[in-house]
Amino acid sequence: MAGLFDIENRRYIGNKTKLNDWIIQTVKQYTNNVSSFCDIFSGTGTVAKHALPYFSTIIINDFLYSNRVIYGAFFEQGEFNMDKLHCLIDEFNTRDYKADNWFSLNYGNLYFDIGVARKAGAIRMQIENMKDELTYKEYCILLASLIYSLDRLANTVGHFESYIKKPIERKKLYVRLVNARSFDNVKIYREDANVLARQINADVVYIDPPYNSRQYSRFYHVYETLVKWDKPQLFGVARKPEPENMSEYCRSSAPSFFLDLIQHLNARYIVVSYNNTYNSHSKSSLNKITLEQIKSTLEMRGKTTILTHRYSAFNAGKTDLKNHQEYLFFTKIKNNIL
Ligand SMILES: C[S@@+](CC[C@H](N)C(=O)[O-])C[C@H]1O[C@@H](n2cnc3c(N)ncnc32)[C@H](O)[C@@H]1O
């Protein structure tokens with residue numbers, strides 16, 4: 001039997017999976033007496049996962065619904081029964097799903113093979129129907145498992161901005177469980193980062209916002225809809241719902257939102273990831289905040305050091321991003337606000 005999915009086994013634009021060790025080792029090296037860590041634009045959540053062994057409190061935040069249930073599955077404190085979940089998954093995997101449903105009618109033969117879409121929609125309905133028999137943790141585990149299993153079968157280059165316009169290879173959906181754990185020291189939020197900044201405090205706040213015009217809520221709209229299960233009206237060739245959770249960090253207002261965030265953080269250290277994955281074929285890859293703007297904003301709060309690392313980024317297109325530079329800004333706060 002195939003094993004459980006780990007949190008890293010997911011395609012996600014801009015994920016820091018390959019940089020986690022460098023980021024966390026740098027945090028350890030440059031900080032003193034720290035016990036709490038906040039990953040305020042958490043994405044996949046892998047940076048927070050790597051911070052777990054070194055901090056007694058971890059705060060994880062991202063405004064996407066699909067990320068919220070994934071954190072629920074991998075981190076949230078709660079009861080879950082793996083035998084019960086294995087039985088459910090076995091039942092999902094052995095049943096025949098032939099009828100169409102909302103998911104297959106909207107995404108079948110576009111984002112997924114029709115058989116995969118029918119099965120995914122039927123499983124999603126089953127999870128919703130049995131919600132009363134599941135703990136919240138179990139509900140998150142099943143939804144996260146469905147997302148991770150589907151991710152491998154999507155007819156895309158890694159996100160749902162568009163689908164590949166070629167005949168879809170026949171595939172079979174086989175749901176595997178995620179490697180769920182329960183932590184009593186992890187707090188999870190689904191908040192706008194600028195709002196949350198005013199409500200929390202942490203010794204170290206790690207910041208990895210989007211830097212160009214590509215909106216994550218649009219890239220991952222299929223998973224957002226799958227989790228919300230509100231069966232929205234869909235528009236256009238890419239079958240997207242009405243916009244929700246559109247990030248100011250993807251607009252020209254990004255520098256002022258970054259300034260507002262930095263000004264309101266109650267922290268002892270701020271760590272910011274930055275890279276420039278601009279390629280001349282795509283205007284949408286142009287960064288909204290410059291390196292100089294990041295530096296001057298951070299310097300308002302304290303002495304800022306810039307570290308660099310060479311690495312090859314995950315990017316969905318054909319662009320060659322080998323050897324691009326990854327930056328880590330490290331600020332020791334001298335004038336805390338509170
Ligand atoms: C570059 S990704 C983070 C990647 C992450 N470090 C990882 O390793 O997977 C930026 C994340 O910020 C989230 N985001 C964008 N604007 C936000 C906002 N205003 N508040 C909260 N989350 C936001 C997006 O949904 C996305 O997951």
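## Secondary structure

Helices (H or I, at least four residues) and strands (E, at least two) are DSSP runs, numbered from the N terminus. The model described here is predicted. On that definition, the protein has 12 helices and 7 strands.

## Overall dimensions

For 338 residues, a compact globule would have a radius of gyration near 20 Å, and the protein agrees with this because its own value is 20 Å. The C-alpha trace spans about 60 × 45 × 35 Å along its principal axes.

Of the 338 residues, 43% count as buried. Among contacts with a separation of 6 or more, 76% are between residues 24 or more positions apart.

## Packing of α6 and α7

Two packed helices are described by the angle between their axes and the distance between the axes. For helix α6 (residues 114-129) and helix α7 (residues 136-151), the angle is about 175° and the axes are 11 Å apart. Angles over 145 degrees count as roughly antiparallel, so α6 is roughly antiparallel to α7.

On the α6 side, the contact is made by Ala120, Ile123, Arg124 and Ile127. Helix α7 contributes Tyr139, Leu142, Leu143, Leu146 and Leu150. By class, the residues of this contact are 8 nonpolar and 1 charged, with no polar ones.

## Ligand surroundings

There are 21 residues around the ligand, and Lys16, Phe41, Gly43, Thr44 and Ser247 come nearest. The shell divides into 10 nonpolar, 7 polar and 4 charged residues.

Terms used: Residues numbered from 1 in each chain as written. Predicted model: local features only at pLDDT ≥ 70, side-chain atom pairs only at ≥ 80, totals over all residues. Near = placed C-beta within 6 Å. Nonpolar A, V, L, I, M, F, W, Y, C, P; charged D, E, K, R; others polar. Axes fitted to C-alpha atoms, helices over the stretch in contact; angles between N-to-C directions. Parallel < 35°, antiparallel > 145°, perpendicular 65-115°, else oblique. Contact = placed C-beta atoms within 7 Å. Rg over C-alpha atoms; globule rule 2.2 N^0.38 Å. Buried ≥ 20, exposed ≤ 12 C-beta atoms within 10 Å, placed from the backbone.
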